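Have the sequence and the 3D view open side by side as you read. We'll go from the strands to the helices, and then to a few single residues.

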Amino acid sequence: MLLGLLVDVSHSMSNSWHNKDGKKLPRIEVVKETLNRKLKEEQMRRRTQRNDLDNIDVFCLGMGFRFPMYIEHNILTCEQEQPLKEQEKTELIDLICDLLALCEILPSAEKLEDFKARLNQKWQQCTRDVLDQSVIVENVYADLVDFVHDALYDTAMRKHHRSLQYKLSRHKLPRGFGWLSRFLQESAKNKEEKITTTSQIAATQYADEVFRKTNSDFTNNSANYVAIIQRYLDRFIQSYTASTLQAFALGFTPSEIVDDLDEKQALWLAERIYSELDGEVRKHIELTIKLHQQKLLLARQSISASLDKKELNRLTKRFVQKFEWDNLKPLIEDTVYNILSQHFETQAKKSFPHWIRLASAREIVRPLAAVSHILPNIIEEHIYSEEVMFGTTPLRQALDRAAIRFIDEAYKDHKKVLLIISDGEFREEAEVMVSANLLKRRGVTIISCLIHDRNLISQIVSGPGKDWPSGAKRMIDLASEIPEQNSLRDNRSQKRFARTLIGKKLCYQINHSNILDEVIDNVFEENNVEKKWYTTDCKP
């Protein structure tokens, strides 16, 4: 079987419907959701029952896309074109797009995520040597605490042990001075306890305060860090994503595209980013040292200790650098990934009209097994906008493009079904009916799936009602008559019922996705097509 779908994406399809789960969505989104779901179900059913997936070929056209064009007014001077500044925007509002081609051109969400992950990994590989300059593997917290503690304790104890008071406390005094000996010993003991306690507390407190200040500085300055990264990477990533999306549209794989990254440029950018961020970190180091060493000096004075200020500064700088860069490295990775995502979204929006134009120039027919989506399943916020959809309904041109496929010699022995999903509001009514009738004579069964706000069709009908809107009347006229029943000759009750359907039209009002479900189920049951149209519950 050759199954064709003509899907109306004109302005009326922007109105909302409820889908299978009761969620309110644009009509075209409900249709897309239903068609894609039924496609997957049929593929799974045929695989489970080991039916041939290749005996159904599918094509799908969207009617009513828009394509913005910019026209520059030129003048000819000295036999050369010279563009003027004036530029005019115009639109094609009746573009027909091959939706299977669009699905193949558009990168899927999974492919984009795979690409972004690969690109992020490539960026890290290119920049590892630069950013690894910031890697500090030793335990700088313990090094700083140990140094401060040992310096305070050792120098204070040495000075204490050289003091006259300590020396007297260690000597036996003459009889009658026992009280003085006990006083000196108690004072020496208290001094040593103070040195021990102050050294421990001051060392831990200094390291903890520096750590808190480092984290606070990072939090307060993270927006500035992100701005620095963006300033260097924005233009590079913008250019790269534009060419990348173009490469996706041409069919290149994520690994091929990632391999094309300019590694020299990436390395140069990483060096600039590292240099500026490192300068910001060093500013915070100086402020942190000035702020917190004052408290440490007071503790030093209280126990008469001394510190090697040069070594203290070195270890403090090392300490701050480690924890700043431990925070900065994941921030850089996240920021690069976010910039990629933002530019992909922006460039995808810009590229979408071009993709539609590319898809409109193609004519694709695919076996059912090779179709992943009948309608694109990505970046819906860009698809469902008046910039690219919701134009007019060029049904005549769509029928002509469908006819090219149906009359192809490759499908002369195929059953042919054309499913038209529309409200019937199209121009060129006479020309449309000529094309439709020619297709019917060539053996194409046309099934009309009417979309309308009013409930018009409650049973299978042979013609429109008098008060029906013109669009609904056109959809009835387009539909094929239910074919004469040949497979029920031994079933009298069904045969009697079949006689009542002579002249009835294959036109269904699909104001709910459940009805569209049934219609599609019937289409896929190609071995029982005739029987199914009789037994379907057509009520909306």
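## Strands side by side

Two strands count as paired if DSSP finds at least two bridges between them. Strands here are DSSP runs of E with at least two residues, helices are runs of H or I with at least four residues, and both are numbered from the N terminus. This is a predicted model, in which local features need pLDDT of at least 70 and side-chain atom pairs count only at pLDDT 80 or more, while totals for chains, interfaces and linings use all residues. Residues are numbered from 1 along each chain as its sequence is written, and side-chain values use heavy atoms, leaving out hydrogens and water.

Now find strand S1 (residues 2-8) and strand S7 (residues 416-422): they run parallel, joined by six bridges. Valine 7 sits opposite isoleucine 421 in S7. S7 also pairs with S8 in the parallel sense, over seven bridges, and there valine 417 stands opposite threonine 445. Next along, S8 pairs with strand S9 (residues 507-509), again in the parallel sense, over three bridges. In S9, leucine 450 has glutamine 509 as its bridge partner.

## How covered are the strands?

Buried means under 20% relative accessible area, exposed means over 50%, and partly exposed is in between (1.4 Å probe, protein chains only). Seven of the seven residues of S1 are buried, so this strand is largely enclosed by the rest of the structure. Both of its faces are covered: Leu2, Gly4, Leu6 and Asp8 are buried on one side, and Leu3, Leu5 and Val7 on the other. Strand S8 (residues 444-450) is mostly covered too, with six of its seven residues buried.

## A helix with a bend

Helix H6 covers residues 178-249, which makes 72 residues. What span should we expect? The rule is 1.5 Å times one less than the number of residues, so H6 should span 106 Å; its end C-alpha atoms are 98 Å apart, which agrees.

H6 bends by about 55° at asparagine 221; the bend is the angle between axes fitted to the seven residues ending there and the seven starting there. Just after H6, glycine 251 has a positive phi of about 100°.

Start with histidine 160, in helix H4 (residues 140-161). Its relative accessibility is 6%, so histidine 160 counts as buried. Its side chain reaches the backbone oxygen of alanine 188 at 3.5 Å. Contact means heavy atoms within 4.5 Å, and, not counting residues up to four places away in sequence, histidine 160 touches Tyr166, Ala188, Lys191, Glu192 and Ile195.

Glutamate 42, in helix H1 (residues 27-48), is buried as well, at 6% relative accessibility. Its side chain makes a polar contact with the side chain of arginine 45 (2.7 Å). A polar contact is a pair of N or O atoms within 3.5 Å; within protein, one must be able to donate a hydrogen and the other to accept it, and residues adjacent in sequence count only if both atoms are side-chain atoms. Leucine 358, in helix H9 (residues 309-360), is partly exposed, with a relative accessible area of 29%.

## The whole protein

Zooming out, how many helices and strands are there? The protein has 16 helices and nine strands, and 47% of its 540 residues count as buried.
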